[in-house]
Amino acid sequence: MIHHSGFWEIYIAVGIRQDSKGSWAGEEDGGAGKCPKSTIDTVARNSTVTHLKLSFVLLNFYPLPRLVSFIYLYIYISFLLNLSPDSSKRENKSCFTTAAAAMCGILAVLGCSDTSLAKRSRIIELSRRLRHRGPDWSGIHCYQDCYLAHQRLAIVDPTSGDQPLYNEDKSIIVTVNGEIYNHEELRTKLVSHQFRTGSDCEVIAHLYEDYGEDFVDMLDGMFSFVLLDTRDKSFIAARDAIGITPLYMGWGLDGSVWFASEMKALSDDCERFISFPPGHIYSSKKGGLQRWYNPLWFSECIPKTTYDPIALRQAFEEVHGFFLFPCYFCIA
Ligand SMILES: NC(=O)CC[C@H](N)C(=O)O
């Protein structure tokens, strides 16, 4: 039995529509390097083809699992629209957004001895290695010998949330990969601040202004970010509690400190590099990595009471009884 799948093909054509324009933006001092605004990257396009073939087979040749194939297509198209190059199609609604939100690329180089145009072009070139992580926008901010670059897959506020992001007078610059789930609540704590965008990540710049480096545990979300404070040329970098978003850190021979979402953006130019540990913050003022995520249960102290298996068993049974208690009513 053959069923027509034209309806779905129209949707899919919308999903993979390409955008041919684009350039580097957010450069304070004009200039360097144009790069083609892409499209869905090759990996996504290949997976599109695979999914389409599978959907086509399910839809056309199997009468029984039609419902299954429709559900499959529905889920896949939701996912496709969230990855669409047309960012106005994406909204922070579906659970698939979470997977997409993990993808933005950041690169920050701080304290290079070389401030030439060639150095900036090199950093733009390295940032392009993360292009597949963000098809919607490429931005870079250069401040003296510091560079913060961003490849954006727009999720929250697609129209104005391009990065790097700033505080009111642009003295604080931040480049972020991730999503701050409680940004609306945090904004209510920052009423004296003027927000430039609707981006969830802008709160980071303003929180830093009010709370200094200790604001990171106020963030609920998945994130990796680098923040530069041009007032004293200090910087911090932080990664979410369990390392949902990636971050690498490196050191150049000239004493520069590098951060990137993927190792490929710093491995060629750094003398040494590490995977940035989850739940940590690097502070240039304090001069090292520190754990910011310190939940009570994280305590490494060893209990002083001696091991008593009977007491342990009773404790487990109490917890077990507590969770099963509501079920007794259902069964009765
Ligand atoms: N993909 C991302 O990391 C998203 C960054 C930011 N939350 C935005 O919506 O633009």
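A backbone N or O atom of I155 sits 3.1 Å from an oxygen atom of the ligand. The protein covers 100% of the 290 Å² of accessible area that the ligand has on its own. The model is predicted. The points below cover the ligand site and then the nonpolar cores.

**Ligand surroundings**
- There are 11 residues around the ligand, and those that come nearest are C104, R152, V156, G178 and D200.

**Largest nonpolar core**
- In soluble globular proteins, nonpolar side chains tend to be buried together.
- The largest nonpolar core here has 23 residues, and the members that touch the most others are V174, I204, F215, V216, L219, F225 and L227.
- Elements that each supply at least two residues of this core are the strands β6 (172-180), β7 (221-229) and β8 (234-239), together with the helix α7 (203-211).
- Helix α7 gives the largest share of this core, with five residues.

**Contacts of V174**
- Apart from neighbours within four places in sequence, V174 is in contact with I204, A205, F225, V226 and L227, and also with L148, Q163, P164 and L165.
- Among these partners, I204, F225 and L227 are, like V174, listed with the core members that touch the most others.

**Second core**
- A separate core of 18 residues includes A108, L228, F235 and L247.

How values were computed
Residues are numbered from 1 along each chain as its sequence is written. This is a predicted model: local features need pLDDT of at least 70, side-chain atom pairs count only at pLDDT 80 or more; totals for chains, interfaces and linings use all residues. Side-chain values use heavy atoms; hydrogens and water are left out. A nonpolar core is a set of buried Ala, Val, Leu, Ile, Met, Phe, Trp, Tyr and Cys residues joined through side-chain atoms within 4.5 Å. Buried means under 20% relative accessible area, exposed over 50%, partly exposed in between (1.4 Å probe, protein chains only). Helices (H or I, at least four residues) and strands (E, at least two) are DSSP runs, numbered from the N terminus. Contact means heavy atoms within 4.5 Å. A residue is near a molecule or strand if one of its heavy atoms lies within 4 Å of it. A polar contact is a pair of N or O atoms within 3.5 Å; within protein, one must be able to donate a hydrogen and the other to accept it, and residues adjacent in sequence count only if both atoms are side-chain atoms. Accessible areas come from the Shrake-Rupley method with a 1.4 Å probe; for residues, only the protein chains shown count as cover.
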